Amino acid sequence: MSTFSVSGLSSGINSDEIISKLMELERRPVSLLQSKKTAYNDKITAYSDLASKVSAFKTAADSLKTTSNFYAKKASVSDSTVLDASATNSSPAGSYTIASHSTAGKIQLAQTEQKSHTAGTVALTTSVNDSGSGKVFQYTYAGTQRSITVANGTTLEGLRDLVNSDSGNPGVTATVIYDGSVYKLALTGNDSGSAKTISIDAGTTLDGTGSTVNFTSSSFTTNQTAQDAMLRINGIDITSSSNTVSGVVAGLTITLKKESTSSVTVAVTNDTDSIKKKIEDFVKAYNDVINYVASKSTWDSTSRTGGPLFGDATARDVVRRLKELAISTVSAASSDVDSLTKIGITTNSKDGTLSVNSTTLGDKLASKIDDVVKLFATTTTGIANLMWSYSDTVTKSTDGALTIRKSGLQTVVNNIAGNITSLETRLNKIEDDLRKRFSSLETLLNGLTSQGTFLSSQITQWNK
């Protein structure tokens, strides 16, 4: 906008108001372009939202598009005080007997090793080395030996801290326990398993001589021995360094909680409730796409304006294709479950959304689950496979239809913004010209007024 002003003192004309009115007329093309730009930005926003919803639908389809993704398994145990179990999608349905290991004679827990100092000290601050020189505390854990230098004057808690802060500590935690009469150093392995043993080694020179406290091997007792978990699964002996046993049966994880001489049964079954929920989520995500496009494609006959996706071919094509896929028939599935309709998912003829008959779907999952999985997960023809593939195609970040459409709209917006900038530049020049013209007019009128005043003065003198 021009900063040049016109006073209007000579003419009495409100030049600024006149110029403002004239510029309003000149700016109408800019206003139209700004409205157009806003409308295209609304379209971009609508396509961004649509892409997000299609991506969410793609995720829902992904949970059903392969056999391993489709199935959900659950594990139940006959005695949860002895062990727990969990199963993933890849776990085969079946019954597994967890029994005593043939060698251990029981379901045996894995343990960490723990040793403690037997003599102890009278106080935490008791010095364990008053020899006047440095001594060594040497131990081995899981095959790794460490030699800790214990300086003269080191207390019991100082020895504890030396073990714990050692940068080469192979996995031992030192603690000090007060048993009611003395303070004792305890060493505990961080990991279970028979290989995770602790030994106090011969290199220890804190041996009870020369004003030191005895921390040699003979002064320690083993409170708990490192050992493996041992159990038998369906007649096969299993040894594990951890109480969490996995990899024996695909997808099945068993967590031992206590030792037992009694067998425990683990049953792995299809979790039809979880599968049903995945299908319901798939339908919901589908409906979100359909309903969103419909809500943005309305036409207001009163204002004669349409929503941002009204009449837009790309959005319309997305909906059309999804609806086509939703009514597909999958020949790989048995004839009584070869379409969504036959498992209780029907299409609303008015708006194209899907509805789930929970009872029918539940019955089909209970009685025909291996065929229902074919309806969704058959390679290239399963409905979830087709839906996922199409959703992936249209949302690709480089050449997806939705991406291309957004990019095209952004180009239009950028062009409009450029046109607006050009128009603004031209309008500023027009306004400057108008102000200069009115200023010239004011100057001219001011000159004429001065001449008139002079002539009137001369005439007055002549008449005297």
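**View 1. Helix 7 against helix 8.** The axes of helix 7 (residues 358–377) and helix 8 cross at roughly 20° and come within 4 Å. An angle under 35 degrees counts as roughly parallel, so helix 7 and helix 8 are roughly parallel to each other. Leu375, Phe376 and Ala377 make the contact from helix 7, and Ile383, Ala384 and Asn385 make it from helix 8. By class, the residues of this contact are 5 nonpolar, 1 polar and no charged. The model shown here, as in every view, is predicted.

**View 2. Helix 6 against helix 8.** Helix 6 (residues 313–326) and helix 8 (residues 383–394) have axes that come within 10 Å and cross at roughly 165°. Angles over 145 degrees count as roughly antiparallel, so helix 6 and helix 8 are roughly antiparallel to each other. Their crossing is right-handed. Helix 6 brings Asp317, Val318, Arg321, Leu322, Leu325 and Ala326 to the contact; helix 8 brings Ile383, Leu386, Met387 and Tyr390. The residues of this contact divide into 8 nonpolar, no polar and 2 charged.

**View 3. Helix 2 against helix 5.** The axes of helix 2 and helix 5 lie 8 Å apart, and the two helices pack at an angle of about 165°. That makes helix 2 roughly antiparallel to helix 5. The crossing of helix 2 and helix 5 is left-handed. From helix 2, the contact is made by Thr45, Ala46, Asp49, Leu50, Lys53, Val54, Ala56, Phe57, Ala60 and Ala61. From helix 5, it is made by Asp281, Phe282, Ala285, Tyr286, Asp288, Val289, Tyr292 and Val293. Of the residues in this contact, 13 are nonpolar, 1 is polar and 4 are charged.

**View 4. The largest nonpolar core.** In soluble globular proteins, nonpolar side chains tend to be buried together. The largest nonpolar core has 53 residues, of which Phe70, Phe282, Phe376 and Met387 touch the most other members. Two or more residues come from each of helix 2 (28–62), helix 5 (272–295), helix 6, helix 7, helix 8 and helix 9 (401–462). Helix 5 gives the largest share of this core, 10 residues. Another core, of 21 residues, lies apart from it and includes Leu83, Leu231, Leu252 and Leu256.

**View 5. Phe282 and its contacts.** Which residues is Phe282 in contact with, leaving aside neighbours within four places in sequence? They are Phe57, Ala60, Ala61, Leu64, Phe376, Ile383, Ala384 and Met387.

**View 6. Ser100 in a loop.** Ser100 sits in the loop between strand 3 (94–99) and strand 4 (114–117). Is Ser100 buried or exposed? Its relative accessible area is 18% and buried means under 20%, so Ser100 is buried. Leaving aside neighbours within four places in sequence, Ser100 is in contact with Gly105, Lys106, Ile107, Arg232, Ser260 and Thr261. Arg232 is 132 residues from Ser100 in sequence, yet their C-alpha atoms are 5.7 Å apart in space.

**View 7. Leu423 in helix 9.** Leu423 belongs to helix 9. With a relative accessible area of 17%, Leu423 is buried. Not counting residues up to four places away in sequence, Leu423 touches Pro29, Val30 and Leu33. Thr103 is 320 residues from Leu423 along the chain, and their C-alpha atoms are separated by 91 Å.

Terms used. Residues are numbered from 1 along each chain as its sequence is written. This is a predicted model: local features need pLDDT of at least 70, side-chain atom pairs count only at pLDDT 80 or more; totals for chains, interfaces and linings use all residues. Side-chain values use heavy atoms; hydrogens and water are left out. Axes are lines fitted to C-alpha atoms, for helices over the stretch in contact, and angles run from 0 to 180 degrees between N-to-C directions. Angles under 35 degrees count as roughly parallel, over 145 as roughly antiparallel, 65 to 115 as roughly perpendicular and the rest as oblique. A crossing is left-handed if the near helix is turned anticlockwise from the far one by less than a right angle, and right-handed if clockwise. Contact means heavy atoms within 4.5 Å. Ala, Val, Leu, Ile, Met, Phe, Trp, Tyr, Cys and Pro count as nonpolar, Asp, Glu, Lys and Arg as charged, and the others, Gly among them, as polar. A nonpolar core is a set of buried Ala, Val, Leu, Ile, Met, Phe, Trp, Tyr and Cys residues joined through side-chain atoms within 4.5 Å. Buried means under 20% relative accessible area, exposed over 50%, partly exposed in between (1.4 Å probe, protein chains only).
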